[in-house]
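Biologist: I have the structure open and would like to go through a few regions. Could you take my questions in turn?
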Amino acid sequence: MSDQNIEQNEWTPERDSQGVSQSTHLDAMYESWFLDYASYVILERAVPDIRDGLKPVHRRILHAMKEMDDGRFNKVANIIGQTMKYHPHGDASIGDALVQLGQKDLLVETQGNWGNTFTGDRAAAPRYIEARLSKFALEVVFNPKTTDWQLSYDGRNKEPVTLPVKFPLVLAQGVEGIAVGLASKVLPHNFNELIDASIAYLRNEPFEVLPDFPAGGLADFSRYNDGQRGGRVRIRAKISKEDKKTLLISDIPFGTNTTNLIESIVNANEKGKIKIKQIEDNTSDKVEIIIHLPNNVSPDQTIDALYAFTNCEVSISPNACVIENNKPRFLGVTQILKDSTDQTVALLKRELEIQKHELEEQWHFSSLEKIFIEEKIYRNIEEAETYEAIIDVVDKGLEPYKDRFKREITREDIIRLTEIRIKRISKYDSYKADEIIRSIEDDIQDVNYKLEHLIEYAIEYFKRIKKKYGKGRERRTEIRNFENINASQVAVANVRLYVNRKEGFVGTSLRKDEFVMECSDLDELIVFQSDGTYKVTKVSDKSFVGKDIIHVDVYKRNDERTVYNVVYQDGKSNVTYIKRFPVVSVQRNKDYNFTLGTAGTKVLYFSANPNGEAEIVKVRLRPRPRLRKLYFEADFSEYQIKGKQARGNILTKNAVSTVKKKEDGVSTLGAIDIWFDESVRRLNMDENGKYLGAFKGNDRILGFMENGDFMCYGYDLTTHFDEDMFYLEKFDPEKIWTAIYYEGESGYYYVKRFKLFDSAKRISLITEHESSKLVYLSGNSSPQVKIAFDPEKGPRNRDEELVEVNEFIAEKSHKAKGKRLTSYGINNLELIEPEMPEPEDVEDTNSENSDEQSDIQLQETEGMDERNESQKDKEHDDNNGKPDELSQRTLFD
């Protein structure tokens, strides 16, 4: 580039008033223009105002819709045209913003094809769809009397500076915008919970608000950080097991749709991260994605893999930024809610003050009119010859009564009096006028009371809004604490591993060498060599780990149950050692040695045992003079498991020829202690949550569901439990259970006693009628039932009855209907569990199933006598005291 061109890029010539050429440097212009542009984008485009929670485009759309509002739907194309009077950025941006408002289903009612947020389908063209303001918006968002106005961009119209929104709208709808140098991301929150939080704040009570997403799903808000920068929210799809080969996705994470979710699943399947057979998308008004699994694929492991490798789990970083006093501010959602609630109180106060002023004006003129007519002051007007004289005559006539008024009588008041028609004066009703004045005075007194009790009035306002518009806006997102999923543990085997033992290479590309196993490309490998060295390395195409490889396997960190049994001969002393050790934690690609590390050391025997098995080996010694016994056996179970750096026990000081396995052994490790953490609904061995017991072999876990089903689970830590599961314990096939349930078809309560069996499928304990409900479930050996009869439908000679269940009904099959408790009407049922004596000199191997924790109440029948009398009569006539609703109580503690 020439110097002349460089010079032209650095400055532009201008001329002053005398025509003399001046120069203005572009860098100065850039600094000024950039700040102006950045400020404009922040204030006028991307970031919502804290006062109404709206960006300018949304505010102008709502204002235009209010102007057009006649109760009927308007074409979106017409709304866009009306909004363009206030918004200078074109019809496309207005249309997209209006569709966003309509899809949030709070301020705008829609008609037509507005797209589908679940599938990502776009809305139809603006000429085909219609919209109008919702009743909520008309009541909460607009009030011209409390609105501050400004000129529109072209000066032809007036638009609101902000709308007088009496609700934390920015938190309810959520907002996302990217400006110059900053961004705003406020997550949506639950409508009813925001109102409850506002009420709690007004009462000086503690509160917490957490996001709630329209698509539902599961969310971990442990690092939400009050919605400020640095926070993180993990959101998961809701995945359930339909059967061993079918998974159902019923909720998707916020910010995703079924299209990109399915694409991520297909991509993970193509890359070998997961294995699926087929995927179906049946989503319409509800999400329904069905995943079919191939044979021999674990559904539990697949669920974890979906969370680890697909969009079934996403992370969102909130960044609550709003405009306050014409400046961007980063605030927590708690402070935003407080500011919004304070503004609501201020707006309510302003509305009351305006209402009071209007009432006082009505009272003033009504009183003025009453005196003007009753005292016949209007007759004095006949003597006046000019308009000014009329004003003076009326003012003079009102002089004796001016002390009755609360404010000065102005010229405008007198002009209004002179405009009263003769017909109205002739038909004036003094009694009716007094009633109107008294009514106005009562209204003023009511307004004054509300102003004096402003906080109570605001609380009642929020309660009214919740009662009127909160139905159907219950929380959709389930709050959970997520466990961290180790991707390498849930990834399927998608590569084949080979080894060249002599040369010391392992990898997935050594197809001409020895095949070892199938593994995941995310796995780590542990490799042992004949001299006792070992290392952990990552799966790769080809890597050198050391010559003379004797064992290679997938390495699981923190695995204390995999035990290596070895016999090695020290290279210096020629003493043969035997040892057992696990490899719990190591650094990747670092050489370790489980022997003494001397030159010439040789491993004579090596075995890897995933469950701590201890075999018996036969040792053959080298012949030498005076050595009579050349063979002996060594049992690894006689040796303790020690650390990997321990040298081991001396097996023999004689020279060893060979060591061979003679007999397989059994595990020397104890049972696995398992806990259930209710917060994440997962099993663990970290002592988190409820202790289920010590598990080994074919032990199982028994689970009960809210609808009266039961099923058994394995104790693998990847096990996923049904969403409606409310109680778990270690399965005991000999335990007798007692269930009390309401039988929907007959309308009576039944009791049954039964043993359960190991079932991998859900099996119902109650009848199939839709009104049947499980009321009590107990594992106590001698439960009692206390029945409180209805006074009108019960027996005449007693109010209560205590039933010994063991004497009342014998043990039967779980399929049995059971025995009816009573044919009388019931007000209340209570299950009583006597304390059982401690067994003496008996090993309690199943203490986790003790009677202390087996009382499970599902139905709170107290309070049935508090219902409406007519309703009670109808219930007892129809179904002998059928309970209203199912009230669950989870007993994991």
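Biologist: How many bridges join strand β27 to β30?
Modeller: Seven bridges join β27 (residues 563-569) to β30, and the two strands run antiparallel. Strands pair if DSSP finds at least two bridges between them; strands are DSSP runs of E with at least two residues, helices runs of H or I with at least four, numbered from the N terminus. This is a predicted model, in which local features need pLDDT of at least 70, side-chain atom pairs count only at pLDDT 80 or more, and totals for chains, interfaces and linings use all residues. Residues are numbered from 1 along each chain as its sequence is written, and side-chain values use heavy atoms, with hydrogens and water left out.

Biologist: Which residue is the bridge partner of V563 in β30?
Modeller: V563 has N609 as its bridge partner there.

Biologist: Why is β30 largely enclosed?
Modeller: Six of the eight residues of β30 (residues 602-609) are buried, so the rest of the structure largely encloses this strand. Buried means under 20% relative accessible area, exposed over 50%, and partly exposed in between (1.4 Å probe, protein chains only).

Biologist: Changing topic, where is P834 found?
Modeller: P834 is in the loop between β49 (826-832) and β50 (855-857). At 27% relative accessibility, P834 counts as partly exposed.

Biologist: And what is P834 in contact with, leaving aside its neighbours within four places in sequence?
Modeller: P834 is then in contact with N780, S782, P783 and Q784, where contact means heavy atoms within 4.5 Å. P834 and N780 are 54 residues apart in sequence, and their C-alpha atoms are 8.1 Å apart in space.
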